[in-house]
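Here is a friendly briefing on charged side chains and helix packing. Have the structure open as you read.

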Amino acid sequence: MNIRGTATIGKGSSGSPLILIDGMEGDIDAINPQDIENISVLKDAAASSIYGSRAPFGVILVTTKKGKSGKPTVNYNNSFRWNDAVLLPQMADSYTFATYFNDGCINGGFAPQFGEDQMQRIKDYQSGKLTTSAPVNPSNPKMWGDGYLYGNDNVDWYDAVYRNWVFSQEHNFSLSGGNESINYYVSMNYLDQNGMMKLDQDTYDRYAATAKINIKINDWAQLNYSNRFIREDLKRPSFLRDDFFQSLGRQGWPTLPLYDPNGYLYAAPSPALNLRDGGNGVYQTDYLYQQAQVILEPIKGWKTFVDFNYRIKNANTHWEIQKTYNHDVEGKPYPYNNNSHVHEDHAKENYTNFSAYSEYTKSLESEHNFKGMVGFQSELMKKKVFGLQREGIIIPFLPEVDLTTGLDVYGTEVTPAVNGASDHWATAGFFGRINYDYQQKYLLEVNLRYDGTSRFRADNRWS
């Protein structure tokens, strides 16, 4: 997400804005949309400068709902959606494709890719005179011919891989109420969103629960507390990678058989077999947000805010690569992809954010209005990641690390791959703001911010 245009092209860097949810950095994609009360976007440098070095590319401020005085209010709503893919390429039929491909080869000074015999088979298959998608391999009668060299199918690969439409649903429940001294807000959300894959569907589920309470301790003190839990579950085929769409356009010739003449999925290679039988990736991410705020106003016009925010993020990743099989003319399976393995990753983040700031507002009878603010903020992030990968799945429908042999396809022992890393960083900053207006027509604002970060050398952290 960019709000200030193209920002940085450095590897591993980002030009995304700082997203603050009730004053704490968070993931806007994971929050329950029904909990959002207001969104503000600070795009220009002057407006976002008060947020310091974390906000060079703008700030998005998200304010969530809270309880209000009055009788308890219960709200439930849902939505049911049917989604379809847009802007999918329209594929040419196999005979047109082969004709243009041959023309391109001839114009480039090469021999035609599709010979006369194959062109005739393509034409006969389209007209219904021929019912087999590929002939027997002339060099090996026990096998089907290579799909690129001998295939005569007529496949729309985008129609074969993507669904025409998918169903999704979302449910929201909230309860709020209170009185002048105490109010509360509780909400729950469930999102079930199916993906567009046809051969092995990808799915996304989100569960969210929020509880907020605001307590007026006395005339000059108030306590606000919120707790938010979010779980995201994602499942997708292991071979549904970032380059899948590119591979589909490159490998998906309409002449390439989707199924062999016996009705088995066929890879030569093609995306379909690995997409359906090559295994799944399962990703589960949990967020737990704890936020507490104390507001003090001992003197009218003078407010002090003390915020403590804590977030725990746990992410578990599992994926397996399964053996896949083509079939010979007699319908007997033989390995296409011999390798299999299980990979597990776990990552944990602990993020702490503390801020304290005080503001004073004064309005004079001469319609001069002043407001000043000073404060301090600190952040601490600790992260730990570890994972492993082991070869040789024993039972395909139980892809667990404990149920692997540690051997490759040739029976050679393979040392399990392991990874692990720890990381932490911290920031601290002092900030201030002065506002002046006259008759609410003439405005002046000055922002100040001085930051330090652990990412720099010890002698330059406040430079």
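**Salt bridges and a helix pair**

Asp 22 is partly exposed, with a relative accessible area of 26%. In this predicted model, its side chain meets that of Arg 228 in a salt bridge, at 3.7 Å from N to O. Arg 228 lies in strand 11 (residues 221-237) and Asp 22 in the loop between strand 1 (18-21) and strand 2 (24-25), so the pair ties together parts that are 206 residues apart in sequence.

**Salt bridges**
- Arg 228 is buried, with a relative accessible area of 5%.
- A network of salt bridges links Asp 22, Lys 212 and Arg 228.
- The whole structure holds 14 salt bridges.
- One of them joins Lys 332 and Glu 330, with the closest N and O atoms 3.3 Å apart; Lys 332 is partly exposed at 48% relative accessibility, while Glu 330 is exposed at 62%.

**Charges in helix 3**
- Asp 117 and Arg 121 sit four residues apart in helix 3, about one turn of the helix, and they form a salt bridge with the closest N and O atoms 3.3 Å apart.
- Asp 117 is exposed at 55% relative accessible area, whereas Arg 121 is buried at 13%.
- Asp 124 also belongs to helix 3 (residues 116-127).
- Asp 124 is buried yet has no salt bridge, and the nearest side chain of opposite charge, Lys 129, is 4.6 Å away.

**Helix 2 against helix 3**
- The axes of helix 2 (residues 94-107) and helix 3 come within 9 Å and cross at roughly 160 degrees, so the two helices are roughly antiparallel.
- Their crossing is left-handed.
- Residues of helix 2 that meet helix 3 include Tyr 95 and Ala 98, and among their counterparts in helix 3 are Met 119 and Ile 122.

Conventions. Residues numbered from 1 in each chain as written. Predicted model: local features only at pLDDT ≥ 70, side-chain atom pairs only at ≥ 80, totals over all residues. Heavy atoms only, no water. Buried < 20%, exposed > 50% of the residue type's maximum accessible area, 1.4 Å probe, protein only. Lys, Arg positive; Asp, Glu negative; His and termini not counted. Salt bridge = Lys/Arg side-chain N within 4 Å of Asp/Glu carboxyl O. Axes fitted to C-alpha atoms, helices over the stretch in contact; angles between N-to-C directions. Parallel < 35°, antiparallel > 145°, perpendicular 65-115°, else oblique. Left-handed = near helix turned anticlockwise from the far one by under 90°. Contact = heavy atoms within 4.5 Å.
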